[in-house]
Amino acid sequence: MDKLPEVVILRILSHLDFDDLRTAARVNKQWDRIAFDPFLWRLLELRGLFLGHEGFSVFFDRIRDSVVCCNLRDCTGLSRDFVFKIVTECSRLKALSLQGCQIFSKVDDDDVIYSRLPLGIKYLDLRFIQDDDVSMIFSSLLPRMRSIEVLGMDHFHLPAYPSTRLLQSLLNLKVFYCQDCPSLIDDDLNEIASSCPNLEALSFAGCTCLLGKFLPFLIHACPRLRTLLLSCTRISNQYLMATDWARSVITELDISYCYSITEEGLLSLLPRLSQLNYLQISFCGWGRSLSDDVIMKMAEKNCTNLETLDIHSSFNLSEHALYGLLRNCPNMTTLCVGSAFNSEAELGASLRCLPKLKIFFITKQSAIRTEVLFNFIAKYCPDLEALALHNFYAISRSKVEVSLLNIMNKCHNFKTLCIRGTNVPLRTEMITIAGVTKIISGRRDIDIVRSSHELSVGPTNGLDNVMQAGFNRYRDRTL
């Protein structure tokens with residue numbers, strides 16, 4: 001290794017994580033110098049680490065001038081002083097995530113924070129910080145941070161004065177996530193739309209006081225808006241029908257768990273969004289809004305762009321109507337159908353139309369045998385990466401083993417099998433069968449899990465995806 005050019009060593013070290021880099025720095029003086037090369041610390045990736053030890057502060061002093069992006073998501077042991085040390089001393093900082101941080105102790109000097117804040121931050125995620133004071137301080141600083149393009153907040157971060165004041169100077173804001181904020185009302189959103197005409201993605205999931213009055217003006221004032229996430233709000237038919245959706249360019253929409261929307265509202269909305277590629281509509285209107293009429297109206301339009309569809313808990317939808325939609329969606333990669341399919345024939349016909357399917361969620365109906373589902377997937381979905389099953393059991397153990405082995409042998413990208421169910425003994429048996437089958441197939445790389453949460457694919461303009469894109473944007477991995 002001593003004979004390797006330093007540029008080669010630097011390239012090798014660029015693939016190490018935070019802890020491994022610190023270990024490499026202890027090898028000798030040469031490696032210590034290389035390990036602290038500014039190139040390696042453009043992204044300070046600390047996600048999930050405990051940062052309460054004193055040695056880390058000393059280490060940080062050596063790299064602070066190099067840091068452009070800092071990911072503190074889910075970190076523990078952080079003091080408020082250290083958080084603001086990062087903010088004030090990393091003069092090149094462009095992207096910062098504090099999502100889910102556990103922060104303790106007080107800030108020594110607020111005036112220092114205000115005077116030394118780097119105003120060039122473009123990506124900032126403040127969701128779910130477990131410290132109200134830190135949240136309030138950042139919120140009060142927002143009007144000065146005029147370069148921000150991406151901002152994530154939740155209900156902890158809105159100060160006593162109107163939230164819209166925070167955003168009036170953020171003319172460059174493109175992505176804004178404000179989750180679980182019961183104080184946010186429709187008039188606030190009109191102000192936001194007026195102040196931020198360049199918005200491309202908005203999420204107000206869980207903002208339970210929103211009725212949708214803001215929608216007509218939002219679509220008019222923000223012509224670039226492509227992502228609109230409104231799950232668990234009180235959006236009503238009246239305002240859906242008053243909005244000119246035909247002039248929008250929305251490609252990603254989430255209206256799941258919006259209980260006030262009925263079939264009439266969906267008919268005024270979905271058929272007019274011809275560019276949709278991401279649609280979450282599960283349990284909309286208590287599961288009664290999505291009907292055959294809505295699906296057939298969508299199918300009449302151009303649905304070739306639709307890649308992600310979640311319709312679980314839609315009780316007024318027939319499998320035949322769903323098939324009519326899916327056969328027009330050749331680019332579908334993620335599909336959650338719940339218990340929509342009642343027959344093996346319709347299930348097989350639908351899967352035959354989805355050659356690009358990568359992630360599939362399904363709940364068993366009595367007429368669908370587990371081994372038949374597996375054989376359909378092996379035959380029609382060669383690119384499958386993840387399969388989530390609910391209440392599918394091995395009534396005929398040998399047939400299930402053979403058909404699951406078929407998937408593992410033919411679907412080379414298959415990595416995750418999620419098995420859930422209310423019958424614990426039968427669920428355990430299915431997990432056992434899957435474990436044995438992956439050993440027989442030699443596919444030990446397949447994970448067998450019980451939670452499907454990690455399989456969920458968020459929108460392209462979802463905040464987590466956008467923040468990661470920001471980190472990648474400012475991290476130069478080429479020498």
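Me: How many helices and strands does the protein chain have?

Reply: This is a predicted model. Its protein chain has 19 helices and 18 strands.

Me: What does the radius of gyration say about the protein chain?

Reply: The general idea is to set the value against a rule for globules. Here the radius of gyration is 25 Å, close to the 23 Å that the globule rule gives for 479 residues, so the protein chain is as compact as a globular protein of that length. Along the principal axes, the C-alpha atoms fill a box of roughly 65 × 60 × 40 Å.

Me: Which share of the contacts joins residues at least 24 apart in sequence?

Reply: Among contacts between residues at least 6 apart in sequence, the share is 79%. As for burial, 55% of the 479 residues are buried. The accessible surface comes to about 20,700 Å², and carbon and sulfur atoms account for 50% of that area.

Me: Into which domains is the protein chain divided?

Reply: The assignment gives domain 1 (1-40) and domain 2 (271-461). Their C-alpha centres lie 45 Å apart.

Me: How should I read a nonpolar core, and which residues have the most contacts inside the largest one?

Reply: In soluble globular proteins, nonpolar side chains tend to be buried together. In this model the largest nonpolar core has 144 residues, and Leu72, Phe176 and Phe360 have the most contacts inside it. Helix H16 (residues 370-380) gives the most to this core, namely 7 residues.

Me: Which residues does Phe360 touch?

Reply: Leaving aside residues up to four places away in sequence, Phe360 touches Leu335, Val337, Leu347, Leu351, Leu373, Ile377, Leu384, Ala386, Leu387 and Ala388.

Me: Which residues does Glu149 touch?

Reply: Not counting residues up to four places away in sequence, Glu149 touches Lys122, Tyr123, Asn172, Leu173, Lys174, Val175 and Arg473.

How values were computed: Residues are numbered from 1 along each chain as its sequence is written. This is a predicted model: local features need pLDDT of at least 70, side-chain atom pairs count only at pLDDT 80 or more; totals for chains, interfaces and linings use all residues. Side-chain values use heavy atoms; hydrogens and water are left out. A nonpolar core is a set of buried Ala, Val, Leu, Ile, Met, Phe, Trp, Tyr and Cys residues joined through side-chain atoms within 4.5 Å. Buried means under 20% relative accessible area, exposed over 50%, partly exposed in between (1.4 Å probe, protein chains only). Helices (H or I, at least four residues) and strands (E, at least two) are DSSP runs, numbered from the N terminus. Contact means heavy atoms within 4.5 Å. The radius of gyration is taken over C-alpha atoms; the globule rule is 2.2 Å times the number of residues to the power 0.38. Accessible areas come from the Shrake-Rupley method with a 1.4 Å probe; for residues, only the protein chains shown count as cover. Domain bounds come from an automatic or database domain assignment.
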